[in-house]
Amino acid sequence: MVPHDPRQRIILHLDMDSFYASVEVRYQPGLAGKPVVIGADPKQGKGRGVVSTCSYEARAFGVRSAMPVSQAFVLCPHAIFLPPDFAKYTRTSAEVMEILGSYGYPLEQVSIDEAFLDVSPLGNFEAARTLAGEIKATIHRQLGLTCSIGIAPSKIVAKIASDVKKPDGLMIVEPAVLHEFLDPMTVRKIPGIGKKTETALFDLGIRTIGDLARYDIQVLIGRFGRGAVLLRQVSLGIDDSEVVARDGMKSISREMTFETDTDSIDALLPAVDTLADDVHAALADGQLRFRTLTVKVRFQGFVTRTKSHSLPHYSRDPALLRSHAHALFRELYNGRKIRLIGIRVSSFEKPDVQQTTLPL
Ligand code: TTP
Ligand code: MG
């Protein structure tokens, strides 16, 4: 037997499958096996707004997150279109996190439906595989939901791995097969690489993560600046960041990327409203009140600007949240095309001292 290297980390990343859609199916079992689309009302193809997510049955028709609902309606008119019910999703998310937390490893929740566990104390990847099977079975038994899990020596690779066998997947990347796993993959599989960076990399002749790992670093730095070093590290599977267990939440944020960059205020303001309502649902579910609101706008070309405002009192009033979000957004809006909008609330009222963990 090969002795265990104590510096060897084993990181598990879990991501729920078609999360909002699966939760709806759980509440309405008659929807099982059908194309289900969660998002704005498609209004027979005339609706504005975007798809939040959709079931894998709807994905077979080409429907995707962030796509205009009007387009989803064209692709799959017989789909069942449902409005998002954020309170339900936040509650279910808390249930998932509770199951994950119950194993006693450091847990870092990174979004409503994904989290990292640092399971290094298990000592080997086989034990981690067994644990992953238990977690998947428990979530399925208790919540009737499936998830996908990736296990790897670093957070970034675990996250890439959880995505490759979706839905209901389990992918283990041991150190010995790290490069075999990463090299043939398209660069788009790296979290954070969107269409723009992908195109810029293609222009340099870089298509796969292996291409990126071998490319002249000086040329990369010339093209991407400091980001190039990070890209190179990721391409080699290097990521020393720790799983940061958090006791209680510091902020709640939601963001939305548009299918195509837009400067239309008729598309942008409803997006701000949707995000504000989504944040409000999470606040209400966690019984939290905030003081600081931040709006983020990413323009075409990736220039990102944020504006914050601190209220004189703690609040979770949905109308106030919307109106301040609108005001901050209007300060940022300059007529240029926008790629992404985000809203974050922070500076929470101190919860009951007994309460050290908060549901999302
Ligand atoms: P994801 O984990 O990205 O997507 P998913 O869980 O729906 O599907 P997958 O099986 O591919 O993981 O996001 C989690 C939830 O976040 C998703 O169910 C809905 C929401 N979401 C949006 O509202 N808008 C978006 O653009 C995306 C990507 C997600
Ligand atoms: Mg998911």
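Predicted model: local features only at pLDDT ≥ 70, side-chain atom pairs only at ≥ 80, totals over all residues.
Two strands pair if DSSP finds at least two bridges between them, and strands here are DSSP runs (E, at least two residues), as helices are (H or I, at least four), numbered from the N terminus. Local features need pLDDT of at least 70 and side-chain atom pairs count only at pLDDT 80 or more, while totals for chains, interfaces and linings use all residues. Residues are numbered from 1 along each chain as its sequence is written, chains are lettered from A and ligands numbered from 1 in the order in which they are written, and side-chain values use heavy atoms, with hydrogens and water left out.

- Strand 2 (residues 36–39) runs parallel to strand 4, and three bridges join the two; Val36 sits opposite Ile80 of strand 4.

**The magnesium site**
- Asp15 (OD), Met16 (O) and Asp113 (OD) coordinate the magnesium ion (ligand 2) at 2.0 to 2.3 Å; donors are N, O and S atoms within 2.8 Å of the metal (3.2 Å for Na, K and Ca), and sites may look incomplete as water is not among the atoms.
- Along the chain, the donors follow the spacing D-M-x96-D.
- Met16 belongs to strand 1 (residues 11–16) and Asp113 to the loop between strand 5 (107–111) and strand 6 (114–118), so the pair ties together parts 97 residues apart in sequence.
- Met16 and Asp113 are both buried (under 20% relative accessible area; exposed is over 50%, partly exposed in between, with a 1.4 Å probe and protein chains only).

- Helix 8 (residues 195–203) has Thr197, Glu198, Ala200 and Leu201 buried.
- These residues lie on the same side of helix 8 because they cover an arc of only 160° around the axis, taken from the directions from the helix axis to the C-beta atoms.
- Exposed Lys195 and Asp203 are on the face turned away from the buried side of helix 8.
- Just after helix 8, Gly205 adopts a positive phi of about 85°.
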